[in-house]
Amino acid sequence: MQRLLISSGLILLLGWVAGAFLPRWLQFMFTMAMANGLVSLGIVLLMRGGVVAFGQGLMAALGGYAAALVFLHWGWQDALLLPLLGGLVACLLTAPFGPLLARYRGIFFSMLTLALSMVGYGILVKTDSVGGSDGFNMGRVTLLGQTLADQHVSMVLFSVTWMFAVVCSMLAKLYFSSTRGLVTQAIRDNELRVEYMGGSVANTMAINFSLAAFLGGMGGALAVMALGHIDPNFSYWTTSGEFVFVAILAGTQSVLAVMLSSLVLEMVRSFSSAYFPSTWQLALGLFLLLVIRFLPEGLGSLWTNRKSKP
Amino acid sequence: MDEQKVQAMSQAFLLQARGLNKQFGAVVAASDLNISIRAGERVSLIGSNGAGKTTFVNMITGYVKADSGDITFQGQAIQSFTPRQIMRLGVARSFQIPQLYPSLSVLDNMLVALACHDNRLSLWRTAHSSSAHERAEQVLSRFRLLDQRQRRVAELPGGMRKLLDIALAMTGEPKLLLLDEPTSGVAAEEKFPMMDTVMQALNDQPLTTLFVEHDMDIVSRYCDRVIAFYSGRVIADDVPSVALAQPDVRRYVTGETHA
């Protein structure tokens, strides 16, 4: 635990120092990668229990809309508060579905989450008070009551997102090695046995769903803060597909791999868009095929498998 | 018999099944089963394939619900309970095909069992605490699996998987242990050493054991009562030497039709 705290603190500091030397476009890319990485971390959390959420975009949308609406209507503009609020709103709004979804496995779970996200998309598109299909803009956030100057905005948003990413990654790592985290892995292998040992599979799956929603909402709020705009596409199935892409690329063994994979996606997207704009998804697909072929357990297996060998 | 007498009787037995019936389509798996087990007994359930032994075990552990009849454990009716609720009362089981977590190590399998049994699943408390390791290793050592603790279960040979399956059931220190064919799939020369290990491990705590078994040598050696099943009915219930000598048992179970 102490080691984890120290290493997380060091990574946090290192990121902040390194971030100060990055050009703005790279700071933005990192900010988006970490924000989206948090959303995908939620999927990885569920994948450890043997299910994949195809509708994680809904969580990002709920968190993003909550942050943007509170910013506009209630005047809550703090960069530290909005992501927490986004996470909480996504968690609370989707919590009633947790016990229902916890009863389904495999493609049924995936399709139900996808259906939920598309229902959310439909509602958002048809709701004019939140901008309909165009969405709406969100202004510049503040930090601890301080207005941010133009030249500092990018660095502050990077620093805040980096902090949330590191803290959530640390907490996720803690969770993965907790009793419930270990039981989650056991559920993926054999849920009948977990029930026969006295563990509640349904409770664990519902809790994981809520935790994934919290991470998704937080990531969505951070992304909206960086983009300054929210629209229903956050909840569209192709957006969810990108989050699943990152989760598959990362595998379920390493939290660090999730953030790295998210960064890889952002880089592939940025450079492919620049050099072959109409076919960047092709490059992405080929990249995923190569990873599945040569690293079926994801990028994380590059170092976790080596570490676990005697 | 009045209600008070029935209750007093069911409290005298650890487990009691009364008038259990179960059918799967046209197949009768349990037909008016009346079985009572006292604390501390080692009972073997024998019978040919499809005789209803595993169905009986599945009904006790809540995996299969009886069509009618009552099951009481320590005087408490459990026929409507879930497997989890029944386990919490002190009933544990192993399976004919070991039910393990193949992608985890042997030690992690034990830690999952301990975490579930303690019913203290936490979001932050580590599963790998020194006290949990110590408890897990104690059980593994009783089943002679301590050397294998870091191996992934998927890499273990069949006999060791069987032992681990039973070890998992034992982590909760149950009052009643049900073993479903503990030696099936184990090489002939390994059966007795394996059963010796199991019985030695079980001796360390007060326990009532029910095991489904096909090998009559194992039955004669390790149990003090035999219940023989045929077509969902009990055809014999006695000490091994008497039960195994009964004509119906020889005809329908051991296959000695001309003896």
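In which helix of chain B does B:Phe192 lie?

1. **Basis of the model.** The structure is a predicted model, in which local features need pLDDT of at least 70 and side-chain atom pairs count only at pLDDT 80 or more, while totals for chains, interfaces and linings use all residues. Residues are numbered from 1 along each chain as its sequence is written, and chains are lettered from A and ligands numbered from 1 in the order in which they are written.

2. **B:Phe192.** This residue belongs to helix 7 (residues 188–203) of chain B; helices (H or I, at least four residues) and strands (E, at least two) are DSSP runs, numbered from the N terminus. B:Phe192 counts as partly exposed because it has 16 C-beta neighbours inside 10 Å. The scale calls a residue buried if 20 or more other C-beta atoms lie within 10 Å of its own, exposed if 12 or fewer, and partly exposed in between, with C-beta atoms placed from the backbone. Between the C-alpha atoms of B:Phe192 and B:Trp124, 68 residues apart along the chain, the separation is 43 Å.

3. **B:Arg251.** Helix 10 (residues 247–252) of chain B holds B:Arg251. With 15 other C-beta atoms within 10 Å, B:Arg251 is partly exposed. Its C-alpha atom is separated by 30 Å from that of B:Tyr63, 188 residues apart along the chain.

4. **Positive phi in chain B.** Most residues other than glycine have a negative phi. B:Gln74, which is not a glycine, has a positive phi of about 50°. B:Gln74 sits in the loop between strand 4 (68–73) and strand 5 (76–77) of chain B and is partly exposed, with 17 other C-beta atoms within 10 Å. For B:Arg144, phi is positive and near 55°. B:Arg144 is placed in the loop between helix 5 (130–142) and helix 6 (158–170) of chain B and counts as partly exposed, with 16 C-beta neighbours inside 10 Å.

5. **Helix 4 of chain A.** The 14 residues of helix 4 (residues 81–94) should span 20 Å at 1.5 Å a residue, and the end C-alpha atoms are 20 Å apart, which agrees. The expected span is 1.5 Å times one less than the number of residues. Buried residues of helix 4 of chain A include A:Leu82, A:Leu85, A:Val89 and A:Cys91. Their cover includes helix 3 (56–74), helix 7 (150–176) and helix 9 (201–227) of chain A, where contact requires C-beta atoms, placed from the backbone, to lie within 7 Å.

6. **Helices 2 and 3 of chain A.** The axes of helix 2 (residues 24–47) and helix 3 of chain A come within 10 Å and cross at roughly 135°. Axes are lines fitted to C-alpha atoms, for helices over the stretch in contact, and angles run from 0 to 180 degrees between N-to-C directions. The two helices are therefore oblique to each other; angles under 35 degrees count as roughly parallel, over 145 as roughly antiparallel, 65 to 115 as roughly perpendicular and the rest as oblique. A:Val39, A:Gly42 and A:Ile43 of helix 2 of chain A meet A:Gln56, A:Met59 and A:Ala60 of helix 3 of chain A in this contact.

7. **Contact of chain A with chain B.** Chain A gives 22 residues to the contact and chain B gives 30 residues. On the side of chain A, helix 7 and helix 8 (179–196) are the elements that give two or more residues, and helix 8 of chain A supplies the largest share, 13 residues.

Definitions and conventions:
Two residues are in contact if their C-beta atoms, placed from the backbone, lie within 7 Å.
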